[in-house]
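The report below goes through a single chain, from side-chain contacts to overall dimensions. Please keep the sequence and the structure in view while reading.

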Amino acid sequence: MDDQTFKALCDASYLSFNAEEKEEFTRNLESIIDFASTVKQYDCAYDETEDMEYVSLSDLREDVMLDSYPPEKLLENTEPFLNCYVIPKLMDN
């Protein structure tokens with residue numbers, strides 16, 4: 001990748017790099033571009049007639065709700081506010 005293209009990419013994405021970071025970034029980006037070029041060589045077009053080994057909806061188990069924890073226990077540390085429950089902040093960033 002030439003310097004002009006690199007600068008244009010940095011300007012467009014509001015990024016800046018020192019010389020060492022630029023070298024590593026360029027190397028990684030070229031590796032990604034090479035990989036994408038390799039992938040483009042294969043025909044990955046979707047063919048709806050092909051057996052996609054899908055799972056039929058009738059083969060799935062029924063979704064059944066089970067009681068797992070008492071709601072009042074879950075809500076005991078919340079603070080009611082305007083018909084909602086607010087969880088107080090526990091940690092600062």
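## Charged side chains

Asp63 is exposed, as is Arg61, where exposed stands for over 50% relative accessible area, buried for under 20% and partly exposed for what lies in between, with a 1.4 Å probe and protein chains only. The side chains of Arg61 and Asp63 are joined by a salt bridge, with 3.8 Å from N to O; the term requires a side-chain nitrogen of Lys or Arg within 4 Å of a carboxyl oxygen of Asp or Glu. This is a predicted model, in which local features need pLDDT of at least 70 and side-chain atom pairs count only at pLDDT 80 or more, while totals for chains, interfaces and linings use all residues. Residues are numbered from 1 along each chain as its sequence is written, and side-chain values use heavy atoms, with hydrogens and water left out.

The count of salt bridges comes to 5. Among them is the one between Lys73 and Glu76, whose side chains meet at 3.6 Å, N to O; Lys73 counts as partly exposed, at 42% relative accessibility, and Glu76 counts as partly exposed as well, at 49%. Another of the salt bridges pairs Asp11 with Lys7, with 2.9 Å between the closest N and O atoms. Asp11 and Lys7 are separated by about one helical turn, because they are 4 residues apart in helix α1. An α-helix has 3.6 residues a turn, so residues three or four places apart point the same way. Asp11 is partly exposed, with a relative accessible area of 46%.

## The ends of helix α1

Helices (H or I, at least four residues) and strands (E, at least two) are taken as DSSP runs, numbered from the N terminus.

Following α1 comes Tyr14, whose phi is positive, near 55°, in a residue other than glycine. Tyr14 is found in the loop between α1 and α2 and is exposed, with a relative accessible area of 77%.

## Aromatic contacts

The structure holds 3 aromatic pairs, in which rings of Phe, Tyr and Trp (its six-membered ring) have centres within 6.5 Å, with planes under 30 degrees apart counted as stacked, over 60 as edge-to-face and the rest as tilted. Phe6 and Phe17 form one of these pairs, a tilted one with 5.7 Å from centre to centre and 50° between the planes. This pair links distant parts of the chain, 11 residues apart, since Phe6 belongs to helix α1 (residues 3-13) and Phe17 to the loop between α1 and α2 (19-40).

Phe6 counts as buried, at 7% relative accessibility, whereas Phe17 is partly exposed, with a relative accessible area of 29%. Through ring pairs, Phe6, Phe17 and Phe25 are linked into a cluster.

## A nonpolar surface patch

Tyr69, Leu74, Leu75 and Tyr85 form a nonpolar patch on the surface, and together they have about 440 Å² of accessible area. Patches are made of residues with over 30% relative accessible area and no salt bridge, like charges being joined within 9 Å and nonpolar side chains (Val, Leu, Ile, Met, Phe, Trp, Tyr) within 5 Å. Accessible areas come from the Shrake-Rupley method with a 1.4 Å probe, and for residues only the protein chains shown count as cover.

Tyr85 is found in strand β2 (residues 84-86) and is exposed, with a relative accessible area of 53%. Leu75 is found in the loop between α3 (71-74) and β1 (79-81) and counts as partly exposed, at 34% relative accessibility. From Leu75 to Asp34 there are 41 residues in sequence and 52 Å in space, C-alpha to C-alpha.

## The chain as a whole

The chain has 3 helices and 2 strands, which follow the pattern α-α-α-β-β along the sequence. The radius of gyration of the chain is 27 Å, well over the 12 Å that the globule rule gives for 93 residues, so the chain is more spread out than a compact globule; the radius is taken over C-alpha atoms, and the rule is 2.2 Å times the number of residues to the power 0.38.

Along its principal axes the C-alpha trace spans about 60 × 50 × 20 Å. Of the 93 residues, 4% count as buried, and the accessible surface of the chain comes to about 9,700 Å², of which 55% belongs to carbon and sulfur atoms.
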